[in-house]
Amino acid sequence: MKTVKPTNAKGFTIIEVVLVLAIAGLIFLVVFLALPALQRSQRDTQRRSDVSRAMSQLASYQSNSQGAVPTSQAQIDTFVSGYLTNGGQQFNDPTAGSAYVVTYRGTNYAAPTTQGHIYYHTTATCSGGAAAAGSGGRNVAFVVVVEQGGTYCVNN
């Protein structure tokens with residue numbers, strides 16, 4: 001008796017199935033590894049936006065204060081409550097979800113080291129992502145720590 005081999009067998013071989021699963025696994029691995037970096041980048045973008053918003057609100061503060069800028073922690077606290085969180089607006093660090101700690105540093109140009117902290121410097125300008133001595137009493141800088149290393153500085 002002669003055996004006949006089917007010539008049109010349907011389905012996938014085990015090699016094809018394993019190959020597809022391996023490729024899918026690699027794709028999931030790449031996405032899984034890239035996701036935290038993307039989230040850090042988005043939080044840093046939010047921090048940069050928040051510091052820029054603080055600087056733009058400082059211009060409003062100055063127009064209401066005959067051009068003066070805050071020169072004490074009490075004035076900074078008034079600025080934050082009156083201009084950055086006025087009307088229920090949020091001014092929260094994206095990692096912790098709690099309010100930023102805005103600290104008056106005057107001419108002590110040390111950079112913040114803790115996320116969620118924003119340093120406010122007077123007579124300052126930005127240099128290399130940090131505050132440095134500037135000219136003029138109305139020159140100020142805000143500095144915040146970013147997750148991807150270093151600090152972000154904005155000055156007027």
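**Notes on the sheet, its helices and the disulfide**

1. The sheet is an open one of four strands, ordered β1-β2-β5-β6, with mixed pairing. The edges belong to β1 (101-106) and β6 (151-155); each has a single partner strand, so one side of each is left without a neighbour in the sheet. From one strand to the next the twist averages 20°. Bear in mind that this is a predicted model.

2. Now the β5/β6 end. Strand β5 (residues 140-145) and β6 run antiparallel and are joined by five bridges.

3. On to the helices. Helix α1 (residues 14-64) lies across β2 (117-122), β5 and β6, and it runs at about 160° to β5. Helix α2 (residues 73-84) also packs on the sheet, where it touches β1, β2 and β5. The direction of α2 makes about 145° with that of β1.

4. Which residues touch the most other members of the largest nonpolar core? They are Leu-58, Phe-79, Phe-91, Val-102, Ile-118, Tyr-120 and Phe-142, out of 20 residues in that core. Two or more residues each come from α1, α2, β2 and β5.

5. Leaving aside residues up to four places away in sequence, Ile-118 touches Val-51, Phe-91, Tyr-100, Val-101, Val-102, Thr-103, Phe-142, Val-143 and Val-144.

6. Cys-153 brings us to the disulfide. The count comes to one, and the bond joins Cys-126 to Cys-153 with an S to S distance of 2.0 Å. The link is left-handed, with -75° about the S-S bond. Distant parts of the chain are linked this way: Cys-126 sits in strand β3 (residues 124-127) and Cys-153 in strand β6, 27 residues apart.

7. Are the two cysteines buried or exposed? Cys-153 has a relative accessible area of 12%, and because buried means under 20%, Cys-153 is buried. Cys-126 comes in at 23% relative accessibility, so Cys-126 counts as partly exposed.

Conventions: Residues are numbered from 1 along each chain as its sequence is written. This is a predicted model: local features need pLDDT of at least 70, side-chain atom pairs count only at pLDDT 80 or more; totals for chains, interfaces and linings use all residues. Side-chain values use heavy atoms; hydrogens and water are left out. Two strands pair if DSSP finds at least two bridges between them. Axes are lines fitted to C-alpha atoms, for helices over the stretch in contact, and angles run from 0 to 180 degrees between N-to-C directions. Contact means heavy atoms within 4.5 Å. A disulfide is a pair of cysteine sulfur atoms within 2.5 Å. Buried means under 20% relative accessible area, exposed over 50%, partly exposed in between (1.4 Å probe, protein chains only). A nonpolar core is a set of buried Ala, Val, Leu, Ile, Met, Phe, Trp, Tyr and Cys residues joined through side-chain atoms within 4.5 Å.
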